[in-house]
Amino acid sequence: MVAWTAGVFAVLVLGSAGVGAWIYQDLNGNIGAADIDNKLGGDRPENLSPGSKNILVVGSDSRDGDNAKYGKDLTTMQSDTLMVMHVPANRKWATVVSFPRDSWVQISACEKGDDSTSAAHHAKINEAFAIGGSTGEVAGAAACTIKTVEANTGLRIDHFMSVDFQGFKGMVNALDGIEVCPEEAIHDEKAHLDLEAGCQTVKDEEALGYVRARYSVGDGSDLGRIGRQQEFMEALAGKAQSKLTSPTSLYDFLQSATKSLTTDKDLAGIKPLYGLASELKGIPSKKLTFLTVPNYPREADVAADRANVVWQYPQADDLFTSLAKDKEVDKKALQAEAKDDLIYASGVRVQVLNGTGVSGRAAVVAAKLRLAGFTVVGTGNAPETTRATTATYPQGMGAQAKVLASRLPDTRAAQGSDAAAGVVTLVVGTGLDPDGIL
């Protein structure tokens, strides 16, 4: 959940508070280590900026043990919150990108832990954690989530952290609670939360309910919850740095943090976590940016889908490209562009040309695109057979071509001098699986 920030900064505080070395040994054994190296395969994005790090953070919604009260009907591991923290090579800034769990994406084919492999398919992004963790192992859940995030963002994930419900509560309690200021009363039965409007300090179940509440607050979307989680995250990190001055409160805090934490093998331990925290120590708070991947309700493209969101292109692509190239993201500019330059699938006019040599393939792809909300203006045959699928666009239609390319696997957008005016021409190659169209 939001506890990853607290975990990192807590280790930083541990070093500066001068607590005895025995605590290292005591806490070190609490941290779970998951071996995922042999589960990720070889088809992964390259790290385009050596020295930078992308850390995947998952809030585990497991319903075992003390967590059962939050949904006894769930039988698999769940991903309640999903984000990637990019730490640049120069360590002068950092960006945390949240992914709504209702994001409609292609879930990668994954090992399920029972000697079977799931097929690639479209679903909410948090399904990846459940599929990989179907046997209850965090390693499989993390691996499937990493594969899915990498495939949909192009970012190479270097490390992961998974934190569960109960550890989050323990960290908040060690800080004597966190102040929140809801503008309206929150009464959410699913989140076990009853709060009046106005500023107040929350801890125990109230703190957990506050960051989990969704359906009874605002528009009931996952996006509003992400905003509250990001605000809570910043408050938690700030209070951890200023509040944890006594060995007792620090020890309680770290016990909760480490017992709830599972990481990849390279990050599993006080020493590597302290090393990461030391790298982040010099980053000013104003240079730590929290944002959500640009998105909009999928209902705008597919009227029957009122439950999911799709990532907004080309803005999402610009965000991922910036991070891959280790360039700092201007949050205000990104949000302004996402607001002012929103292109729905229906606003993209597409001509589909068959470059596969397989009769009828253009018609099949055209039908899939119409179901996804695109405006198909015609079909035909490409002049030659090709393996690659390309969205060719005339001058001024690059954004529309990127929107189209974002919905087809392994498809690139390219400007063409002979491209038809007002239309994006999609040449379908032999490598495209029509079922992969988002």
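At 42% relative accessibility, Asp 176 comes out as partly exposed, a label for residues between the limits for buried (under 20% relative accessible area) and exposed (over 50%), using a 1.4 Å probe and protein chains only. This is a predicted model, in which local features need pLDDT of at least 70 and side-chain atom pairs count only at pLDDT 80 or more, while totals for chains, interfaces and linings use all residues. Residues are numbered from 1 along each chain as its sequence is written, and side-chain values use heavy atoms, with hydrogens and water left out.

Asp 176 also has a phi near 60 degrees, a positive value in a residue other than glycine. Asp 176 sits in the loop between α5 (165-174) and β8; helices (H or I, at least four residues) and strands (E, at least two) are DSSP runs, numbered from the N terminus. Arg 91 is not a glycine either, yet its phi is positive, at about 55 degrees. Its place is the loop between β3 (79-87) and β4 (94-98), and with a relative accessible area of 17%, Arg 91 is buried. Pro 314 belongs to the loop between β15 and α10 (315-324).

What about disulfides? A disulfide is a covalent bond between the sulfur atoms of two cysteines. Here the term is used for a pair of cysteine sulfur atoms within 2.5 Å, and searching the whole structure turns up 2 disulfides. One joins Cys 110 and Cys 144, with sulfur atoms 2.1 Å apart. This link is right-handed, with 85 degrees about the S-S bond. Cys 110 is in the loop between β5 (104-107) and β6 (121-124) and Cys 144 is in helix α4 (residues 138-153), so the bond ties together parts that are 34 residues apart in sequence. Both Cys 110 and Cys 144 are buried.

The sulfur atoms of Cys 181 and Cys 199 are 2.0 Å apart and form a disulfide as well. That link is right-handed too, at 105 degrees about the S-S bond. It connects distant parts of the chain, 18 residues apart: Cys 181 is in the loop between β8 (178-180) and β9 (186-188), and Cys 199 in the loop between β10 (193-195) and β11 (200-202). Cys 181 is partly exposed at 39%, whereas Cys 199 counts as exposed at 53%. With the bonded cysteines numbered in sequence order, the pairing reads 1-2, 3-4.

Next come the nonpolar cores, each a set of buried Ala, Val, Leu, Ile, Met, Phe, Trp, Tyr and Cys residues joined through side-chain atoms within 4.5 Å. The largest has 63 residues, and Phe 99, Leu 369 and Leu 404 have the most contacts inside it. Helix α4 gives the most to this core, with 7 residues. Apart from it lies another core of 45 residues, among them Val 57, Val 163, Ala 207 and Ala 257. Leaving aside neighbours within four places in sequence, Leu 404 is in contact (heavy atoms within 4.5 Å) with residues including Val 348, Phe 374 and Leu 426.

Finally, Asn 308 is found in the loop between β14 (295-297) and β15 (309-311). Asn 308 is buried, its relative accessible area being 8%. Not counting residues up to four places away in sequence, it touches Asp 102, Trp 104, Lys 124, Pro 297 and Arg 298.
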